[in-house]
Amino acid sequence: MLANRAARTPALRSFSSRRLASTDAKVVVVGAGTAGLTAASQLQKALAKNRKTLAKEDFVIIDPAEYHYYQPGWTLVGSGLMDKKDTRRPMASLIPAGTTHIPESVKSFAPEKNEITLENGDQIKYEYLVVASGIQINWSGIKGLQEALVDSHSGVSSIYSYATADKARQDIEALRSGKAIFTQPSTPIKCAGAPQKVMWQAWDLYQRTDRSKTVKIEFWTGMPTMFSVPKYSEVLNALRIQRDIAGQFGQNLVAIDAANHKATFKKADGTEVTEEYTILHVTPPQGPADYIKSSPLADAAGWVDVDSGTLRHKKYPNVFSLGDASSLPTSKTAAAITAQAPVLVHNLVDVMNGKTDLVAKYDGYTSCPLLTGKGQLLLAEFKYGLEPKESFSNLFDQGKPQRYGNELQNQIFANHLRELCHTVHSTTSKPCVNPYSRDTLMTNTRTDTLPMGLL
């Protein structure tokens, strides 16, 4: 079957072939977020280990963003634990040396011709393509949301953007009495635990500031349970009940009347209910980027259609994908990328060297460190099939929220920190520092390649 698919694709030259013209590229990475930068950095290192190099113009990274954001930090911004200005760095400062950054948006893909068309009309040929374009946040998917977010009196906020993360902190801290609603959609989202993290931190704040009797917290989610993995969901639901947080399941936020502080939710059967709120934290619906969804690379749901083990495209053998843009049936987190990137790079280098049997396999590993209160953590780790795959069960029970301090924290993440040093500093001269230190959290500009959520 692979041979038949390959026959419809322009023949791939061997890795040792002559360099392409300057308007073409050997490798193109679409997206310079966590997935794209991690894959690019690891690919450079793997090629060097194989004594192979690419000319700068032959290794292209496409991303229009001016800044690279440490998005896990937005939960901490919304919780009052981090300054939002510390969650971004200029994109140009993070692009690996020895690559060419094209700051443009992709308009379309023509994989049958190994070609990408940019929004400015330029066309780029490639031999190998890595799609790491992330997930699209559909702010317009909730009526009235965009207007409410820019209204300082609406009580509506979201940690899912740089512009609005600090509004969440302001609204949560200012609330003295009333109802605080936190929402989560039924769509896939980046970091499925984030909507709960900010809610648990708000609960903790109200407990510590004698507002537990005057503020009522509610969790409205389009999902049927608190979390996708039963083991962790049961614990989180018990915690919700213990903390007297009302839970409404199978309810998607569809409209906001900011002037009257009302939110409308819809169930799967189409019935709607309208609730009053004092503050409303919104996790917007998310999905594949429009230019991915409309391309030949997409599956029926709009994600880049790759094999769940090899991360290679099911139809186009010179195309790979990882991270939020891919069809991989696992939770979309930065932690997942730390497991996906080595598999993708190993298999891509094998393809570049003419091998046909891809041996590296991804098992679906992902992680979601759920901050359930100040200094309290439930570390959810799992793989395909929603089966727990826990790294530290010999140190503590990962099925229960744990108190943690700097000593435990440093023990747990020593291995991850070493991997970070080898991964993203291999192409820079920057020192490797502890990204979990309060003083140096953002000194390391690529902490977003690590499992998220700890301070």
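# Reading strands, turns and pockets

Guide: Let's start at one pair of residues: K383 stands opposite E387 in β23. Keep in mind that this is a predicted model.

Visitor: Which strand does β23 pair with, and in what sense?

Guide: β23, residues 387-388, pairs with β22 in the antiparallel sense, over two bridges. The two strands make a hairpin with three residues between them. In that turn, G385 has a positive phi of about 80°.

Visitor: How many bridges join β22 to β21?

Guide: Seven bridges, again antiparallel, with β21 covering residues 366-373. To find your place along that pairing, look for P369, which stands opposite L379 in β22. These strands form a hairpin too, with two residues between them, and G375 in the turn has a positive phi of about 70°.

Visitor: And what about β24? How many bridges join it to β22?

Guide: Two bridges, with the strands running antiparallel; β24 is residues 402-403. Here the pair to spot is Q376 opposite R403 in β24.

Visitor: How many residues of β22 are buried?

Guide: To read burial, you need the cut-off: a residue is buried when its relative accessible area is under 20%. In β22, which spans residues 376-383, seven of the eight residues pass that test, so the strand is largely enclosed by the rest of the structure.

Visitor: How many bridges join β15 to β16?

Guide: Five, and β16 takes in residues 262-266. For a landmark in this pairing, find N252, which stands opposite K266 in β16.

Visitor: You mentioned positive phi at two glycines. How should I read phi at other residues?

Guide: The general idea is that most residues other than glycine have a negative phi. N114 is not a glycine, and yet its phi is positive, about 55°. D244 is not a glycine either, and its phi is positive at about 60°.

Visitor: Where do N114 and D244 lie?

Guide: N114 lies in the loop between β6 (106-110) and β7 (115-118). D244 is in the loop between α7 (230-242) and β14 (246-249).

Visitor: Is N114 buried or exposed? And D244, buried or exposed?

Guide: N114 counts as buried, because its relative accessibility is 6%. For the other label, exposed means over 50%. D244 has 53% relative accessibility, so D244 counts as exposed.

Visitor: Now a helix. What span should α6 have, given its residues?

Guide: Count 1.5 Å a residue, and the 15 residues of α6 should span 21 Å; the C-alpha atoms at its ends are 21 Å apart, which agrees. α6 is also largely enclosed by the rest of the structure, because 13 of its 15 residues are buried. After the helix comes D210, with a positive phi near 60°.

Visitor: Which elements supply the lining of the largest pocket?

Guide: α6 (194-208) is one of those that supply at least two lining residues each. The others are α2 (34-49), β3 (67-69), α3 (72-78), β10 (136-137) and α9 (334-352). The pocket holds about 1100 Å³ of space. It has 46 lining residues, and Q71, S133, G134, I135 and K190 lie nearest its centre. By class, the lining has 26 nonpolar, 13 polar and seven charged residues.

Visitor: What volume does the second largest pocket have?

Guide: About 420 Å³. It is lined by 21 residues, and P188, A192, M223, S228 and S331 are the closest to its centre. Its lining divides into 11 nonpolar, eight polar and two charged residues.

Notes. Residues are numbered from 1 along each chain as its sequence is written. This is a predicted model: local features need pLDDT of at least 70, side-chain atom pairs count only at pLDDT 80 or more; totals for chains, interfaces and linings use all residues. Side-chain values use heavy atoms; hydrogens and water are left out. On a 1 Å grid over the protein atoms alone, a cavity is a set of points where a 1.4 Å probe fits but cannot get out, and a pocket is an open set with protein on both sides within 12 Å along at least five of seven lines; lining residues have an atom within 4 Å of a point. Grid points are joined across faces, edges and corners, and a volume is the space filled by probe spheres set on the points. Helices (H or I, at least four residues) and strands (E, at least two) are DSSP runs, numbered from the N terminus. Ala, Val, Leu, Ile, Met, Phe, Trp, Tyr, Cys and Pro count as nonpolar, Asp, Glu, Lys and Arg as charged, and the others, Gly among them, as polar. The expected span of a helix is 1.5 Å times one less than its number of residues. Buried means under 20% relative accessible area, exposed over 50%, partly exposed in between (1.4 Å probe, protein chains only). Two strands pair if DSSP finds at least two bridges between them.
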